[in-house]
Amino acid sequence: MSRFHAAHALLPEGWASDVLLEVDGDGTILSVAPSASVAGAERLAGPVIPGVPNLHSHAFQRAMAGLTERRSPPEARDAEGGEDSFWTWRQTMYRFVHRLTPEDAEAVAAQLYAECLEWGFTSIAEFHYLHHQPDGTPYAAPAEMALRHLAAAREAGIGITMLPSLYRHGGIFGKDPVPGQRRFLNDLNSYWRIVEEVRTAIAGDPQAGLGLAPHSLRAVTPEMLREVSRFDGPIHIHAAEQLREVAECEAATGARPVQWLLDQMPVDARWCLIHATHMTDDEAASLARTGAVVGLCPSTEASLGDGIFNYPAHAKAKGRFGFGTDSHVGVSPRDEMRQLETSQRLARHLRSMVTDAARPHPGRNLLEAALAGGGQVSARRIGAIAPGYRCDLVELDPDHPSLTGLSGDTLLDAWVFSGQGNPVRRVVVGGREVVSDGRHHRREAIAERYRQAMRRLTA
């Protein structure tokens, strides 16, 4: 058993002082006692918040960050409507992904996970669709690539929810895939083999969970989606990210993607709809009533020109949401929260959007939404400093220039909205310290393998 003593900690009921945490050998919190003595405990002198769940990751895309920004050549833009967009970016991704080996994928994932930890993400939901060899042939172990991500998470020390993705088609519903998608493709039989290999690999590991990820309405048939929907656990799916996607769904089915899912599938609190960028007010209200979580990735959604989430309608219906980093053009929970709030300000010409009269601090509101939403769809008890939850802690540095002299909810506002530096000082995951003085314990070893992989990939 280990013990931590936080001078100030954000508990489910609010801020508390002199909080003593007792943690079992597997990293689960046994007890939380405010106003307790520090004797015999590891001291956390700065303000402590729960570790933030990252609910959407395609780890291999960390290696592409910065490589897809140049204007596409005319032939690529002409093929996708004449402008640079998500669809031209996707063509670049297909070319890049062809080169990745299992060793590359593991090195890139470890680098990403270490970076996420340094910024305060303590778990990651890996929406994993890079399954096979470049020609589409399965590896000898069908879940080889998924297991590489699991190995990377274990090396970095981050909690992980593996979400093997079912991807069979190239467009709604049943369109043939394109050659660039061949590494992603499975029928249901081969998909379930991958799921079972992952289930076996994580058995007994409190740092790992399992969910399913039907990729999108573009990639699976309704019959496939109904089969997956029987799973008793988290179900993540991309939905309504792009206007063209919405138009194609309407043309094929007569309904918009979110409405189609609500009408045709048993959407409930197990479900996480990634992006859900383009929802009508009625869709947002109907989705909120199911208890499902919207997985927002504001930095990626901005990078890809997806659009701006319909936050007002979703918030009015008391909808749930959390944050992911998707393509990893950003890796900080603070920056995802900031991007959501500031995009709403730009779109609505207002300030303090993620607030109400009773809760006037957007920083705390964004953080608590991230904790609750991410925890709900991660198949693990995370997102709170409370008995029975994983001991995932982020200590902020009260002497950092962004936070100096601040406390409580005002400090959280400053963490989210002030400056570009990183005020995360220490990170504990499952009761084990993995970041000290702002640096991941294996930063250099992980970074060197990443550098070697990138030299090969960009040669």
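## N-terminal span

The end C-alpha atoms of residues 1–44 sit 17 Å apart, and the span is 0% helix and 64% strand. Helices (H or I, at least four residues) and strands (E, at least two) are DSSP runs, numbered from the N terminus. UniProt, in an unreviewed entry, assigns residues 1–44 the feature "domain: Formimidoylglutamate deiminase N-terminal". Such annotations may be inferred rather than shown by experiment.

## Basis of the model

This is a predicted model: local features need pLDDT of at least 70, side-chain atom pairs count only at pLDDT 80 or more, and totals for chains, interfaces and linings use all residues. Residues are numbered from 1 along each chain as its sequence is written, and side-chain values use heavy atoms, without hydrogens and water.

## Ser165

Ser165 belongs to strand β7 (residues 159–166). Its relative accessibility is 0%, so Ser165 counts as buried (under 20% relative accessible area; exposed is over 50%, partly exposed in between; 1.4 Å probe, protein chains only). Beyond neighbours within four places in sequence, its contacts include Phe127, Tyr191 and His215 (heavy atoms within 4.5 Å).

## Aromatic rings

The whole structure holds eleven aromatic pairs (ring centres within 6.5 Å; planes under 30 degrees apart are stacked, over 60 edge-to-face, the rest tilted; Trp counts by its six-membered ring). Phe173 and Trp260 have ring centres 5.2 Å apart and planes at 50°, so this pair is tilted. Phe173 lies in the loop between β7 and α5 (188–202) and Trp260 in helix α8 (residues 257–264), so the pair ties together parts 87 residues apart in sequence. Phe173 is partly exposed at 27% relative accessible area; Trp260 is buried at 7%.

Phe60, Tyr94, Tyr129, Tyr167 and Phe184 make up one aromatic cluster.
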